[in-house]
Structure formats: structure tokens, C-alpha cells
Amino acid sequence: MFMQYQREDDMKIINKLVAVTALAAGLLVTTVANAHGIWFAQRATQLALIYGVGADDLDSVKRLPLVKSIAGYDAMGGAIPTRLRVAGPLLLVDSDSQPSMVAAVLFNGIWSKTPEGEWVKKGRDEVPKAITSEKNFKYAVHVIGALNGPLPLLPEQVLQIVPVDGKLPLEMGKPLTLRVLHRGKPVEGARVLTDWVNDPDAVPVKTGADGRVTINVRNQGLNVIAAIWDGPTDEPTKSDKIEHLATLSFVLPHAPE
Amino acid sequence: MKQLLMTLLLGAGALMFGPAQAHGNYEPDHPGGIVQIVGDLSFELVPVPGGVELYVEEDNEDLPIEGMSAKLTVIAGGVKTETVMTPAGGNKFVAKGLKIPAGAKVAVLLTRKDKVSKVGANFAPK
């Protein structure tokens, strides 16, 4: 009899543990899934700025007014005049000459989560009972072709992912050590997702005290690596924090056909 | 049963056809050429005694470049040179008198006939 009660108690504890773990996992997934990012990808042989998460390639043209900067750089890191051009539903990169790297910044405004769990595009001053209120900045850097040296730190990229060795592997599956920097300084605890496009719900890998993290490159094709980091707010009445979401994208070429 | 066999055969055929219809390869058509592929476009850069030639192919066939333009960027020894290439008939652009030093980084930007669509390639000649 005692044994039966004991077993029932154990089961209750286990059930509670399972529920709490599931809830926590759900929150984690929701947190990441709610975040959208920007990155660059080839569309009909041209380079496009994409807004979304996973396979959701959302309406980027609608977000064009939110784009704060677009830039192209040559192999020496010199600026190349670069714009975004609306082409149907796409935002295409339009440079005066072929860049080695392009970068963009998008400010997605201030969002608050209501006690009912709904995200609204308002600050805490307008939603005083909000569970959380955050400013959202999206950053993107895309390396075109091989990387033959340190990636320059770009002032507009307040959060930036850089390969530590100044080069990228040629094949998928190879390790790649990255550093996540906030205003040029290493960030501890940034959540790094190895494949923002194909596995956005993966458990993030966190950067160490030196801002470093080592991942295995997932794709023999487009790789979009994302880092998410919550920084301090600059407007406490409106937001509790600033969420920075940075991507580093590059392509590992496929074998000759 | 016959339908199943036909379906399987068709499926196998499609599987074999896939790679055969694939686009581009890195083998140059000209001595000394280096090839970069961007989607179904191939750019072959050829240093020649009188300058630099650029050949463009699409889906393994010469792309007629009439109405298109190409800009060549060469970076070597900290110096950047940009050259608007001259169409030379067929699928060929030329940059007369231009030299590509060893170790230079070279990039090409092709603007298509519509004057707004651009496709670029980055080279690293040895």
C-alpha cells in the first residue's frame, strides 16, 4: 500500500517536472521563433535582402522603410555605393561595382508582450502591464566568395558575428570558430543558431566570456548563422531591453557539375 | 504493374537526367582562363597579352552580351582599379591594356539588358 502511494507521489513529481520542462522549452522556442532576422540570399542569380525566419521569407518590401543602412564593401573593405532596389516582391542589392561583402541594418521598432501573450508594436509607456517590452534591431553581413582575412568590424553592425581565423571552411561539417561582438567587444551568453534558415528552432549555443563559440558549418550552400543578444535599454520608459539579432551569411560552393 | 514499372523507369530517368542538365563547369574554354559560376551564369576571365577578356555563358551556351555592360574591379597592392569593359561581340568583353598582377583580387559586375539586373562574380587569380 505504502509502495503504491509512494509510486503515485513519484509520478506526480515526474509529471510536474515534465510539464515545467515542456513549458520552459516552449518559452525558449517561442522566444526564438518570435524573432525575425534579416540576411542576404541569392534570388534569380542576384543578391536579395531577406526578412524572416526559417523558410518564412516574408514581405521585405513592406519593411524597406525600416532599413536603416545598406552597404557594400570591396576586398579592401572600402565602401562601394550600394542601394536596395525593389524588384517585384524582392529587395535586391544594387551596387555600382561587385562587392566582396554587403551589410544591412533594420530597426524593427518597439514591441511589447501583453499578459494575454500577444505581441503588439507599442512601448511599455503604452502597454504598462506588458510582460516584456523590447526594442528590436536586426543586422546582417554577407560574405561574397572566399574570405581571406579578418572580417572588418562595421560601426553600423552594433552586434556582429566574425570568424575568428579570418577564413571560412570550404566544406560543410567543418568546425568554424566565431566571435560575437557588441560595439566591438566580446559578448558572453549570446545565443547562436547555426542554421537560421533550416533549423531556426534548434537549441542555441551560447558564447563564452570571450564571445567565442565553435559550430560545425551545416550546409554546402547558403549558411545563415544568427546570434541573438539582449542588451540594456536606452529608453527605460519604453523598453526593458534591446534585442540585437545579427546574421553572418556565406555560401560554400557546390561541386563542379 | 505496368504503370508501376513505367513510373519507376520515369523516376529513374529523371534522377539520371538531373546532373546531366546541371549548369556550368569550372573548366576554362581559353588558355589561362579562370571560371566563376553564379547560378546558371559562368564568367571566364582570361588575361591576354593585350589586356583582359571576359566571356559569359548561360546554361553552358554563349550569352549574347549586346546591350549589356561589365565593370571589372582589380585590387592589388592596396590599389583599386575599376574598368568599364568594352563589348567585343558574341559573349565577349575586353579591357585593353589592363594587367592583373599576381595575387590580385578581381571582381566582375555584369549589368543585363534591362539596365538594372546585376550579376557579379569574385575571382582570386593565383
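Residues are numbered from 1 along each chain as its sequence is written, chains are lettered from A, and ligands are numbered from 1 in the order in which they are written. Because this is a predicted model, local features need pLDDT of at least 70 and side-chain atom pairs count only at pLDDT 80 or more, while totals for chains, interfaces and linings use all residues.

**View 1. Chain A and its strands.** Let's start with chain A, whose secondary structure comes to one helix and 18 strands. Helices (H or I, at least four residues) and strands (E, at least two) are DSSP runs, numbered from the N terminus. Of the 257 residues of chain A, 39% count as buried, meaning that 20 or more other C-beta atoms, placed from the backbone, lie within 10 Å of a residue's own.

**View 2. Strand E12 of chain A and its partners.** Two strands pair if DSSP finds at least two bridges between them. Strand E12(A), residues 175-182, runs antiparallel to E11(A), residues 159-163, and five bridges join them. Here Ile161(A) stands opposite Val180(A). E12(A) also pairs in the antiparallel sense with E16(A), residues 212-216, over five bridges, and Pro175(A) faces Asn216(A) there.

**View 3. A hairpin in chain A.** E12(A) pairs with E13(A), residues 185-186, over two bridges in the antiparallel sense. His182(A) has Lys185(A) as its bridge partner. Two residues lie between the strands of this hairpin, and Arg183(A) in the turn has a positive phi of about 50 degrees.

**View 4. The nonpolar cores.** A nonpolar core is a set of buried Ala, Val, Leu, Ile, Met, Phe, Trp, Tyr and Cys residues joined through C-beta atoms within 7 Å. The largest has 56 residues, and Val180(A), Ala226(A) and Ala227(A) have the most contacts inside it. A second, separate core of 27 residues includes Val52(B), Leu54(B), Ile65(B) and Leu110(B).

**View 5. Where chain A meets chain B.** Two residues are in contact if their C-beta atoms, placed from the backbone, lie within 7 Å. By this rule, 17 residues of chain A touch 27 residues of chain B. The chain A side has five nonpolar, eight polar and four charged residues. The model scores ipTM 0.82 and pTM 0.85.

**View 6. Confidence along chain B.** The mean pLDDT (the predictor's confidence in each residue, from 0 to 100) of chain B is 85, and 80% of its residues reach 70 or more. Over residues 5-22 of chain B, however, the pLDDT is below 50.

Conventions: Nonpolar A, V, L, I, M, F, W, Y, C, P; charged D, E, K, R; others polar. Buried ≥ 20, exposed ≤ 12 C-beta atoms within 10 Å, placed from the backbone.
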